[in-house]
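Me: Can you walk me through this model? I want contacts and geometry, briefly.

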Amino acid sequence: MCAEQPQRQPQTPSTAFLEATKNLIEQRVAAAQEEHLARDFAVDAYPQQSAVWAGVEAAVEEVAGDLEFIVGDLHANPEVAFREVRSQRILAQVLERHGHSVELGPYEVETSFESSVSSAAFDPAVHPSVVIMAEYDALPGIGHACGHNIIAAAGVGAYLAAAKTLSSAAAEGVEGRVVLQGTPAEEGHTGKEYMIRGGSLEGIDAAVMVHGFGYDIASHAWVGRRSATVRFYGVAAHASSQPYMGKNALDAASLAYQGLGLFRQQMPPSDRLHAIITEGGHRPSIIPAEAQMELYVRSLSVDTLMDVSQRVEEIIEGAALMAGCGWEIEWDPHPMSLPVRNNESMVARWAATQARRGRVALPAGTVPDSLAASTDFGNVSQLVPGIHPMVKVSPADVALHTEAFEKWANSPQAVAAAVDSAVGLAQVALDLLADAALLRAAKEDFARAGGKVGVDKLLPSSSPRTAR
């Protein structure tokens, strides 16, 4: 009998880079806060702005109890993507209790919802429409560790406040429409893209939503993401008696994995490529006839996202050729997420709203672009002007998608974030209706950034690439 071998533990990852990044962020935050104190956040907007903003603040305070209820209730009852039936119903009930009709399951997504309110003389051919988006799906296993319960509360609160203010004397003469869309299935999916394909952005001029984080950030990077399943097809053979009669699919997968790793040297520093081999045979004595990989590609721009995707395909094909195997790559079982395009005119207005709430909404670049995730709001922001700011919920060192953040997502800080965000989202939405200069600037920013970019234009065909 062999002596029992001691269990070897993995090395502890070095925290040197994290510490250096933390120090850099702290320096940038201090500089941004100093600049914030020296700034005048007065904005040249429509004459009624003061009254409208005050009306929004009062309206949000009136529904603060509802927002606290949403934060706590959704947190206690998390539901994963496309199964958010209870969450959808709870949010609809809050809206209905305040006198708003709610459509359940619009745009061919069963767990979505929509409500809208218009000014008295609203004409869709003349007056703008702004959509406020609310997410409410959770993560498998760790619930609302991304804080979508806070997003839902902020969106509902913003809509209720905007609706009440729009119908008040404070907004007399302001014409337009405010829409609330419940957008399910963001985690691991692209619910918003499915809704877009059903027509959710038709007639919409701008979109706003917010996300919890460890900092208040007006404009932060969100990378686009594509996913793919890769299959290699070889020829099975006995690995001892006739190995020369086989073509090893696992060899192809191994070569592809190494090729992808080497490719990282030439990728832009903010881009990411992750891959795993999920299948690679059943017995050592049999040369594997099939192998499978799953991979993600992430990038800060649409063009580089597509460039990296093409290079990945070339690496897969080359690995298959070296091993003498066939191959197949199936991109995007769920539609890809595009990078978020933050509209700087709208971002500036958001920063002004948060200054009134005592928050310093940090400018773009304060937190490095390399600390970026993906969201399907990117698909929205590539079709209409939009913002996706971050609101501080937790300490800075608490990461999203962790058990620690899940706890912070149901805290007094989470409720405060929902309330402050509701105020800001409603104020930006109403400003876009009332301030023609702001809406014009937002549309000009959008056009300069490249105009409309839709997934359907990037991918005219969704069929798998195959060579066997």
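This is a predicted model: local features need pLDDT of at least 70, side-chain atom pairs count only at pLDDT 80 or more; totals for chains, interfaces and linings use all residues.

Me: How many salt bridges are found in the whole structure?

Reply: The search finds 19. A salt bridge here is a side-chain nitrogen of Lys or Arg within 4 Å of a carboxyl oxygen of Asp or Glu.

Me: Which residue does Asp205 meet in a salt bridge?

Reply: Lys443, at 3.0 Å, N to O. Asp205 sits in the loop between helix 6 (191-197) and strand 5 (206-208), and Lys443 in helix 13 (residues 436-448), so the pair ties together parts 238 residues apart in sequence. Helices (H or I, at least four residues) and strands (E, at least two) are DSSP runs, numbered from the N terminus.

Me: Is Asp205 buried or exposed?

Reply: Asp205 counts as buried, at 18% relative accessibility. Lys443 is partly exposed at 38%. Buried means under 20% relative accessible area, exposed over 50%, partly exposed in between (1.4 Å probe, protein chains only).

Me: What does Arg359 form a salt bridge with?

Reply: Asp216, with the closest N and O atoms 3.0 Å apart. Arg359 lies in the loop between helix 9 (344-356) and helix 10 (377-381), and Asp216 in the loop between strand 6 (211-213) and strand 7 (224-233), so this pair ties together parts 143 residues apart in sequence. Arg359 and Asp216 are both buried.

Me: And Asp420?

Reply: Asp420 pairs with Arg357, closest N and O atoms 2.9 Å apart. Asp420 lies in helix 12 and Arg357 in the loop between helix 9 and helix 10, so they tie together parts 63 residues apart in sequence. Asp420 is buried at 10% relative accessible area, whereas Arg357 is partly exposed at 23%. Salt bridges with shared partners join Glu61, Asp216, Arg357, Arg359 and Asp420 into one network.

Me: New topic. How far apart are the end C-alpha atoms of helix 12?

Reply: 33 Å, which agrees with the 33 Å its 23 residues (412-434) should span at 1.5 Å a residue. The expected span is 1.5 Å times one less than the number of residues. Of those 23 residues, 19 are buried, so helix 12 is largely enclosed by the rest of the structure.

Me: At what angle do helix 9 and helix 13 pack?

Reply: About 135°, with their axes 7 Å apart. That makes helix 9 oblique to helix 13. Axes are lines fitted to C-alpha atoms, for helices over the stretch in contact, and angles run from 0 to 180 degrees between N-to-C directions. Under 35 degrees is roughly parallel, over 145 roughly antiparallel, 65 to 115 roughly perpendicular, the rest oblique.

Me: Which residues meet there?

Reply: Glu344, Ser345, Met346 and Arg349 in helix 9 meet Leu438, Ala441, Ala442 and Asp445 in helix 13. Contact means heavy atoms within 4.5 Å.

Me: Last one. Where is Ile217 found?

Reply: In the loop between strand 6 and strand 7. Ile217 is buried, with a relative accessible area of 1%. Leaving aside neighbours within four places in sequence, its contacts include Ala361, Leu362 and Pro389.

Key:
Residues are numbered from 1 along each chain as its sequence is written. Side-chain values use heavy atoms; hydrogens and water are left out.
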